[in-house]
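Please keep the sequence and the model at hand while reading.

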Amino acid sequence: MRPGRIIAAALALAIAAPAAADSLLPPAEWANKQLPDPRQEAQARDLMEEVRCLVCQGQSVADSDADMASDMRSHIRRRIAEGETPAQIRAWLVERYGNWVTYAPPVDGMTWPLFVAPVILLGGGLWLARGRFRRRKKM
Amino acid sequence: MIAEAGLAALWFAAALSLLQMGLGWAAVRPGNDNLLRLVRPLAVAQGLLAGISFLALIWLFLETDLSVKLVVANSHSDKPWLYKFAGAWGNHEGSMLLWVTVLAVAGGAVALLERKLRKDTLIGTLAAQATISLGFYAFLLFASNPFERSPVIPIDGQGLNPLLQDPGLAFHPPTLYFGYVGISVAFSFAVGALVTRDVGRDFAQAMRPWVLGAWIFLTLGITAGSYWAYYELGWGGWWFWDPVENASLMPWLAATALLHSVTVLATRDALRAWTVMLAVVAFSMSMIGTFLVRSGILTSVHAFAVDPQRGSFILMLLCLYIGGALALFALRVSTVREGAPFRVVSREGSLVLNNLLLTIILCLVMLGTLYPLLTEAFGTKISVGPPWFNTVSAPFALLLVIFMGMGPLLKWRKDDGNKLLKRVAVPLLLGAATALLIVIVAPDVHLLPMLGLAVAVPVALMSLMPLVGRNLRRTPLIIWGMVAAHFGIAMSLAGMASESAFSKEVLVSARPGQVSEIGPFTVRFDGAEPVAGQNWTAIAGRMTVRRGEGEEFVMLPEARMFSDPVTATSEAAIETHWDGQLYTVIGEPDGQGAWQLRLWWKPAVTLIWFGGSLVAIGGLLALLGRVMRRRSARKSVTDEAEGVPGREALA
């Protein structure tokens, strides 16, 4: 690698980077600012971690630099600050974007197997193990 | 020339594996070892040829040979040499070639080194191994040829995804692949033993080092991958329940269960059918892991359809191997005799419980990973993420960890439950006290992290108890290994719980000179400055940090811009203290002189990866202990000299 080229490229990019990295609009107000009340901020934080960033690959809006994630964070913080509960905000988001948006799947006709599975697995496992031990005692 | 040589070596290796498979299956019969003299050198030669082919690919990447399509698509002449080297497997074709190379080399190693296994079973094992590798050779040669030439030679390559330009890439995928392949060797042993009706102690003892080796690599791979995601993604998360992560977790869970059941089989000749079944399951999980990651199905069911040839090829291999293995299991399981009996309260009983819980967690992780794909196929998009995974798996995981602490304190065959409770009373009380303390001092902590800490403390103590009353200098390595691994699990759990219970977060839009407080630190932002690397430029935020009245130090998180391809990444600056990490990230400027800073103080977070490494070290100690014992046993008159009590003391 030739040092002259690095410096030229570095200079070019250092000038271009801030402009290229961001969209033209400034990020929404509460995107990267915490709520003054730590309780509310904790609530908002918990909810943001459960809301999917719809334009990213498998990230929550709490973990993404995408513009849409910033908007969602701002939106959630604003509504929490206005006194809404996380459940209300989640319901609104689900109504608007569908179940795809929440990492905590709700219990409904499509998702119930997810919630029955642990019980069935435990029951089945214990039954299998019990059968094994009972057979042993007869021997 | 090099590319053609590599391709030719690959074709020859495939031909040899076809021969090895044909001869092996034709010859394998209980008690027949005539053709072993032929099959052995075939396996070794196949390993050598695959190795040559992989070396050729590395050569092409180091040279940045732009007449090869794969190099053009994934490399660039300005890249640092380490990433040229690691870039050879930082892509689909290269990583599949690495997969099959490791498989072939492992097959060669089995052929050269395995002396314990019955010879007819060894033929079956090598035949199974050749069958697996033949499928992957076919996949490479017909659907993902890494050596394909490009019709036009461009001026330079397109570069490697900057997220992958990290020393982590050089080690993370190979470690996982070593793990996957080790499991496939264990699976081949199981197939061989099923065919020759040889499922018993000797078979288990021959299989165990491979399971242990694979498990060590999987543990290392997962631990390293978690730390890599933690520092590279810039948001301080260390586990996302992302399908790709789950794809590596599932084989680990299955391998952990297999490791423990194979120990029961090798020591007490019990759990025969179950151990073989687990070998099949573990192999299926590593195949599913490969399928999930390599077919593109994860981004979406529809992305899978974009390149249907590759996806369906892997899916076909998956069905063929798993289906074949299950069919063989179903046909032969009746010939596997029941093993030795034991009571519920006994070492075996606790290991059965361990297997039960691990299997349940495995099923849940698989369900949560695949369920969204299923509903999407029916037209409904849902997301299953951390809230679901944490809630359903944590109760089983916490139970599992508690029993992990108690199991090694039990005797084989049968033991007294009351005696055990007396021994663990003090740790259990300490655990309850921890829970109480957290509820009083930090009532805001969520339930799961609180329970995590309340379990980690007593289990850390319990896991050391097998050493009590022993002469430490004469304690065998195998025991040290188990103690280290179990202690590591408790340590890692403590780290996870503490990170989610006590982390502090501060987000500020800071002007130069502005001071922020986070946890025990004061952070002064001194301004942003440009920096340049070989193929990137960056803005570095200079922060002067001080802990209490201690000495000042400087932290320089960077926002990097890579040139080929043009991508922005953020490089967190992380300061490690004995009791946690300060994690800093620089974000966007606001255009009016202030910069977005993200600061986290994560107490005890390092325990997660120290614990994970300790688990792997424990596995390594156990492996060394086993190998050394085998050596010395071979020197002594017979293997039987160690006798039953000796075996049980060590298992």
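**A buried phenylalanine and its surroundings**

B:Phe562 counts as buried, because 22 other C-beta atoms lie within 10 Å of its own; a residue is called buried at 20 or more such atoms, exposed at 12 or fewer, and partly exposed in between, with C-beta atoms placed from the backbone. The model is predicted: local features need pLDDT of at least 70 and side-chain atom pairs count only at pLDDT 80 or more, while totals for chains, interfaces and linings use all residues. Residues are numbered from 1 along each chain as its sequence is written, and chains are lettered from A and ligands numbered from 1 in the order in which they are written.

- B:Phe562 belongs to strand β6 (residues 558-562) of chain B; strands (E, at least two residues) and helices (H or I, at least four) are DSSP runs, numbered from the N terminus.
- Leaving aside residues up to four places away in sequence, B:Phe562 touches B:Pro162, B:Asn535, B:Trp536, B:Thr567 and B:Thr569, where contact requires C-beta atoms, placed from the backbone, within 7 Å.
- The C-alpha atom of B:Phe562 is 6.6 Å from that of B:Thr537, a residue 25 positions away along the chain.

- Chain A has five helices and zero strands, in the order α-α-α-α-α from the N terminus.
- Of its 139 residues, 24% count as buried.
- Among contacts in chain A with a separation of 6 or more, 51% join residues 24 or more positions apart.
- In the contact between the chains, 40 residues of chain A meet 43 residues of chain B.
- On the side of chain A that touches chain B, α1 (3-21), α2 (38-50) and α5 (112-138) of chain A each supply at least two residues, and the largest share, nine residues, comes from α5(A).
- By class, this side of chain A has 24 nonpolar, nine polar and seven charged residues; Ala, Val, Leu, Ile, Met, Phe, Trp, Tyr, Cys and Pro count as nonpolar, Asp, Glu, Lys and Arg as charged, and the others, Gly among them, as polar.

- Helix α17 (residues 477-502) of chain B has 26 residues, which at 1.5 Å a residue should span 38 Å; its end C-alpha atoms are 36 Å apart, in agreement. The expected span is 1.5 Å times one less than the number of residues.
- Because 20 of its 26 residues are buried, α17(B) is largely enclosed by the rest of the structure.
- The axes of helix α16 (residues 447-464) of chain B and α17(B) come within 8 Å and cross at roughly 160°; axes are lines fitted to C-alpha atoms, for helices over the stretch in contact, and angles run from 0 to 180 degrees between N-to-C directions.
- α16(B) and α17(B) are therefore roughly antiparallel, a term for angles over 145 degrees.
- The residues of this contact divide into 17 nonpolar, five polar and no charged.

**Loop residues with positive phi**

- Most residues other than glycine have a negative phi.
- B:Trp241, which is not a glycine, has a positive phi of about 50°. B:Trp241 lies in the loop between α8 (201-232) and α9 (243-268) of chain B, and its 20 C-beta neighbours inside 10 Å make it buried.
- B:Ala604 likewise has a positive phi, near 60°. B:Ala604 is in the loop between β10 (595-603) and α18 (607-635) of chain B, and counts as buried with 22 C-beta neighbours inside 10 Å.

Key:
Contact = placed C-beta atoms within 7 Å. Parallel < 35°, antiparallel > 145°, perpendicular 65-115°, else oblique.
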